[in-house]
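Please examine the sequence and the structure below.

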Amino acid sequence: MNSESLLSLALASLGSIYLVAVAWPLSRIDIAEHRLPNRLVLPAFPISIVGQLAGSALSDQWLNLAVAAVAGATAFVIGLAANRWASLGMGDVKLISAIALAMGWFSFMGPLLAVALAFIIASLGVLVLIGLGRSSLKSSIALGPYLLVGFVLTQMLIWSTYLGGFSPNFFM
């Protein structure tokens with residue numbers, strides 16, 4: 001990978017890097033207060049957009065930018081529907097949208113994998129808590145930490161692919 005491609009990748013990664021940096025404080029706050037503060041979630045949007053614009057301009061990968069924008073917007077619309085009819089919190093909606101925007105530049109499947117992984121891990125966690133008698137089906141959970149774990153694991157996989165590590169072709 002040449003230095004221009006590496007710089008483009010680094011610039012496009014700024015939103016993801018930001019989300020990784022705030023993952024711990026977001027998780028702590030969500031577990032304690034069941035909320036994801038706008039002051040930590042919302043900066044992911046302009047940071048992702050500016051970084052991806054710069055990365056796209058440097059590498060002439062405008063389709064990646066379009067995919068990221070569509071991923072973020074789609075996640076927001078679906079999140080709003082889940083907020084309305086499935087009790088998903090607005091902090092979770094914004095976080096899912098920020099994750100989709102940050103990851104969408106790299107892979108159109110990345111945001112789907114991250115959210116699916118988050119819901120699988122959350123479901124397993126809830127089953128364990130119910131089994132231990134520490135929760136019930138009527139209890140609410142802090143979804144943010146699970147979303148961030150799904151995001152970090154998926155983003156590591158995506159970065160590994162770009163840096164010559166893991167390849168999805170491994171399974172073929």
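In this predicted model, helices α6 (90-104) and α7 (110-131) each contribute at least two residues to the lining of the largest pocket. The greatest contribution comes from α7, which provides four residues of that lining. The volume of the largest pocket is about 490 Å³. Its lining consists of 22 residues, and those closest to the centre are S87, D92, S140, I141 and L143. By class, the lining of the largest pocket comprises eleven nonpolar, eight polar and three charged residues.

The second largest pocket holds about 310 Å³ of space. Here 16 residues form the lining, with A71, T74, A75, I78 and L112 closest to the centre of the pocket. The lining of the second largest pocket contains 14 nonpolar and two polar residues, and no charged ones.

Attention may now pass from the pockets to one residue. S56 belongs to helix α4, which spans residues 44-59. Is S56 buried or exposed? The relative accessible area of S56 is 0%, and a residue counts as buried when this value is under 20%; S56 is therefore buried. Which residues does S56 contact, once its neighbours within four places in sequence are left aside? They are Q61, W62, L65 and W105.

Conventions
Residues numbered from 1 in each chain as written. Predicted model: local features only at pLDDT ≥ 70, side-chain atom pairs only at ≥ 80, totals over all residues. Heavy atoms only, no water. Buried < 20%, exposed > 50% of the residue type's maximum accessible area, 1.4 Å probe, protein only. Contact = heavy atoms within 4.5 Å. 1 Å grid on protein atoms, 1.4 Å probe; cavity = no way out; pocket = protein on both sides within 12 Å on 5 of 7 lines; lining within 4 Å. Points joined across faces, edges and corners; volume = space filled by probe spheres on them. Nonpolar A, V, L, I, M, F, W, Y, C, P; charged D, E, K, R; others polar.
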